[in-house]
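My notebook is open, and the model is on the screen. Here is what I looked up, entry by entry.

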Amino acid sequence: MKDSLLDISNSRLFQALLKKAGVNPPPVLSRSKSPWGEQLLRDRNILIGGEGEHLGPLSKTFVKAGANIFTAPGLNDSTVSAMPHTALSSFENSEKMNTMKGIFYDASGMDSYAQLKELYGFFHQALLNLKGNARVVILTSIPQDQSHVLKQTLSQAVIGFAKSMAKELGPKGSTVQIIQSPEGKEGLDRSSPIAQFFLSDFSAFITGQVICTSTLAKAPENYNFAGSLAGKVVLVTGAIGGIGQGTVMAMAAEGAHVLCLDHESNKEKLEALAKEVDGTAIPLSLGQDDNPTKLAKIIKDSVGHVDILVHNAGITRDKTLKRMSEKLWDQVISVNLKSIVEITEHLAETGLLRDNGRVICLSSISGLAGNFGQSNYSSAKAGLIAFVNGFSKTVADKGITANCVAPGFIETPMTAKIPFMTRQFGRRLATLSQGGLPIDIANAITFLSSSAGQGVNGTVLRVCGGHLMGA
Ligand code: NAD
């Protein structure tokens, strides 16, 4: 689906006209595509700041991932002395400042108003010359001592600060995220690849997100992006739809064998897609009671097991509650919720879902905020959020994680059916002022599927460009 405003926003004449009218054209986002490559932050200039004790160790992992590190004026150099970095003498007069592609600030351990003010002071200066499409990540810690009320207060104050900054930077295509890490080495190890993902252009359509790093699932041997799907078997339902196809392509590009599932009536298209990625076509209509056993048999008889479940198939049957027939209610609940829960539980119980596996369900910002005319859809999508949270606890000892991805407005055949004006509003209500692309969702799913995503568990990742709904 084309977004004509975004398409012409590159034209100088159009930009001048919009400026005159006091309207900002949507920014052109800089996106990365699979395969991920060995170094996620290759040649990216990243400014680091803050006083937390994690600044040194985490920055070292960014250097390993290919980043060039710059330190803020006045930063105590001993924090980062053991690694290559360039110390900026000034925010304003340094020509380096406008080459920054990312900023990482360690606010963990913040326990005074003076430190909160330092956070303000740092960004007040750093944003002066920051160009567009920059990625900002702020680290906070989850205080172990629940009685430390001031630490908790300040940690939440940082979130409010970061979410506001996300709204201010969005018009330039820049993004801001907060990672809340548990104290201790394990939390830090898992937070590092999360920070790398959000400092990269693989996360271009995610902003204003708070990620609480989880240590629930058994630790993997290492936290990798590149190659971590090689040899894995992935099931993608709704494979020939907009997000489905993008996901199939991205995961196949990472080396996964993809089981492509869609309606029986789409058999031909499905087989063509499966052939293109060297995968397996599974023509099966979801929403039937025998889906779990039928699917288990197909998997057992074909590849023998599955490592990653991407429950992407979904439908809308919108009507206000007064007009919603029982049939429309049942259809949406059975395809978008019931069959997902039952298939997942059956594949886990039968051992077909392997250890260190992944379950990723496509929820929606409608599931977070509710939406007019979508009581069936929102109910199903909200149910999924609670399901992954509960299910993740039952399989954590096997190293399996379960999460939802909640897309905002994504340009696909599903949203192409929305009336023109509603579609325009849907796009512009995002901080990034546009709809996302299937690749944005595919990148998030690929990240959650990799061993690098082990620290995101039992939660929901919004990929919505900072949409007003559900933020
Ligand atoms: P889409 O309509 O382009 O694709 C959906 C696919 O699912 C289609 O290929 C369809 O044939 C398949 N499918 C539907 N019902 C099925 C069934 N019973 N059995 C087997 N296959 C079935 O949709 P999309 O925009 O790519 O959305 C994918 C997922 O993301 C859905 O779960 C949707 O609810 C969710 N989502 C999308 C958006 C968006 O803006 N596009 C926003 C929020 C959530």
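I began with cysteines, taking a disulfide to be a pair of cysteine sulfur atoms within 2.5 Å. I was working on a predicted model, where local features need pLDDT of at least 70, side-chain atom pairs count only at pLDDT 80 or more, and totals for chains, interfaces and linings use all residues. Residues are numbered from 1 along each chain as its sequence is written, and side-chain values use heavy atoms, with hydrogens and water left out.

**Cysteines.** My count under that rule is zero disulfides. C464 is in no disulfide either, with the sulfur of C404, the nearest, 14 Å away. I then checked burial (buried is under 20% relative accessible area, exposed over 50%, partly exposed in between, with a 1.4 Å probe and protein chains only). C212 comes out partly exposed at 39%, while C464 is buried at 1%.

**Around C212.** For helices (H or I, at least four residues) and strands (E, at least two) I used DSSP runs, numbered from the N terminus. I call two strands paired if DSSP finds at least two bridges between them. β7 pairs with β6 (residues 175-182) in the parallel sense, over four bridges, and Q180 stands opposite C212. The chain goes from β6 through α6 to β7 in a left-handed β-α-β crossover; right-handed would be a clockwise path from the first strand over the helix to the second, with the strands pointing away from the viewer.

**Helix α6.** How many of its 15 residues are buried? I found 12, among them R190, P193 and F197.

**The seven-stranded sheet.** This open sheet runs β10-β9-β8-β11-β12-β13-β14 with parallel pairing. Its edge strands, β10 (280-283) and β14 (460-463), each pair on one side only. The twist averages 20° from one strand to the next; I took axes as lines fitted to C-alpha atoms, for helices over the stretch in contact, with angles from 0 to 180 degrees between N-to-C directions. Helix α8 (residues 267-276) packs on the sheet, touching β9 (257-262) and β10, at about 160° to β10; contact means heavy atoms within 4.5 Å. Helix α10 (residues 326-349) lies across β11 and β12, at about 175° to β11. β11 (residues 306-311) and β12 (residues 353-362) share five parallel bridges, and V310 stands opposite I360.
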